[in-house]
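This report goes through strand pairing, helices, packing and backbone angles. The model is shown first.

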Amino acid sequence: MVKERGQKVIASNRKARHDYTIIDTYEAGVVLVGTEVKSLRMGRASLVDAFAQVDDGEIWLHALHIPEYVAGTWTNHEVRRKRKLLLHRNEIERLIGKTKESGLSLIPLSMYFKDGYVKVELALAKGKKAYDKRQDLAKRDAQREISKAHGRALKGRYS
């Protein structure tokens, strides 16, 4: 059997970067059952409401939606069960300290296959207030206008 190479994105949480300020990111493996992997290979998953939480010295991913495998039988998995994340011990201890002391959250940004294994990009994040979100939107719009004007100037159209 040929071993897979490269990276294939399964799902991404685009709204997370809008709702949270990302401080640091980690790559974690996920403990899955067979039908979950088959469903993920079909590209079916949703990270919309997902979050990670520390429980008894381990990090667990909650509310990740992996739909049932279509060709599965009675051995199909639970759709929104909690799943264990695999990280190095020193990373787990660092995350435990950061989440307890400063009230930061653990949010999954994306889920992908890397060399045949399912990985989750986990972010240590701080929630944004409504005015922070508005400021970010205003900055992005201003930057877009600047780049448009710069492009027009390069083409000789100054208006």
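## Strand pairing

In S4, Glu58 is the bridge partner of Asp55. The model is a predicted one, in which local features need pLDDT of at least 70 and side-chain atom pairs count only at pLDDT 80 or more, while totals for chains, interfaces and linings use all residues. Residues are numbered from 1 along each chain as its sequence is written, and side-chain values use heavy atoms, with hydrogens and water left out.

Helices (H or I, at least four residues) and strands (E, at least two) are DSSP runs, numbered from the N terminus. Two strands count as paired if DSSP finds at least two bridges between them. S3 and S4 run antiparallel and are joined by five bridges. Together S3 and S4 form a hairpin with two residues between them. S4 also runs antiparallel to strand S5 (residues 83-86), with two bridges joining them; Trp60 stands opposite Lys84 in S5.

S2 takes part in two antiparallel pairings. With S7, S2 pairs over nine bridges, and Gly29 stands opposite Lys119 in S7. With S5, S2 pairs over two bridges, and here Val30 stands opposite Leu85.

Burial is given by relative accessible area: buried means under 20%, exposed over 50%, and partly exposed in between (1.4 Å probe, protein chains only). Four of the five residues of S4 are buried, so S4 is largely enclosed by the rest of the structure.

## Helices

The expected span of a helix is 1.5 Å times one less than its number of residues. Helix H3 (residues 89-102) has 14 residues and should span 20 Å; its end C-alpha atoms are 20 Å apart, which agrees. The buried residues of H3 are Glu91, Ile92, Leu95, Ile96 and Thr99. Seen down the axis of H3, these buried residues fall within an arc of 135°, so they line one face of the helix. The arc is that of the directions from the helix axis to the C-beta atoms.

Contact means heavy atoms within 4.5 Å. The buried residues of H3 pack against strand S2 (20-30), strand S3 (51-55), strand S4 (58-62), strand S6 (105-114) and strand S7 (117-127).

Helix H4 (residues 130-155) has 26 residues and reaches 38 Å from its first C-alpha to its last, close to the 38 Å expected at 1.5 Å a residue.

Helix H2 (residues 34-41) contains Ser39. Ser39 is buried, with a relative accessible area of 0%, and its side chain reaches the backbone oxygen of Pro67 at 2.9 Å. Leu40 is also found in helix H2, and Leu40 is buried, with a relative accessible area of 0%.

## Nonpolar cores

A nonpolar core is a set of buried Ala, Val, Leu, Ile, Met, Phe, Trp, Tyr and Cys residues joined through side-chain atoms within 4.5 Å. The largest nonpolar core has 27 residues, and those with the most contacts inside it are Leu40, Ile59, Leu85, Leu95 and Met111. Strand S1 (7-12), S2, S4, H3, S6 and S7 each supply at least two residues of this core. The largest share of this core, four residues, comes from S7. Apart from this core lies another, of five residues, among them Ala16, Ile107, Leu109 and Ala125.

Leaving aside neighbours within four places in sequence, Ile59 is in contact with residues including Ala52, Val54, Leu85, Leu87, Ile92, Leu95 and Leu106. Leu40, not counting residues up to four places away in sequence, touches Ile10, Leu32, Ala45, Ile66, Met111, Phe113 and Val118.

## Positive phi angles

Most residues other than glycine have a negative phi.

| Residue | Phi | Location |
|---|---|---|
| Asp56 | about 60° | turn of the S3 and S4 hairpin |
| Gly103 | about 65° | just after H3 |
| Gly156 | about 95° | just after H4 |

Two further cases lie in loops. Ala63 has a positive phi of about 65° although it is not a glycine, and Ala63 lies in the loop between S4 and S5. Asp115, likewise not a glycine, has a positive phi of about 55°. Asp115 is found in the loop between S6 and S7 and is partly exposed, with a relative accessible area of 27%.

Technical notes. Polar contact = N/O pair within 3.5 Å; in protein donor to acceptor, adjacent residues only side chain to side chain.
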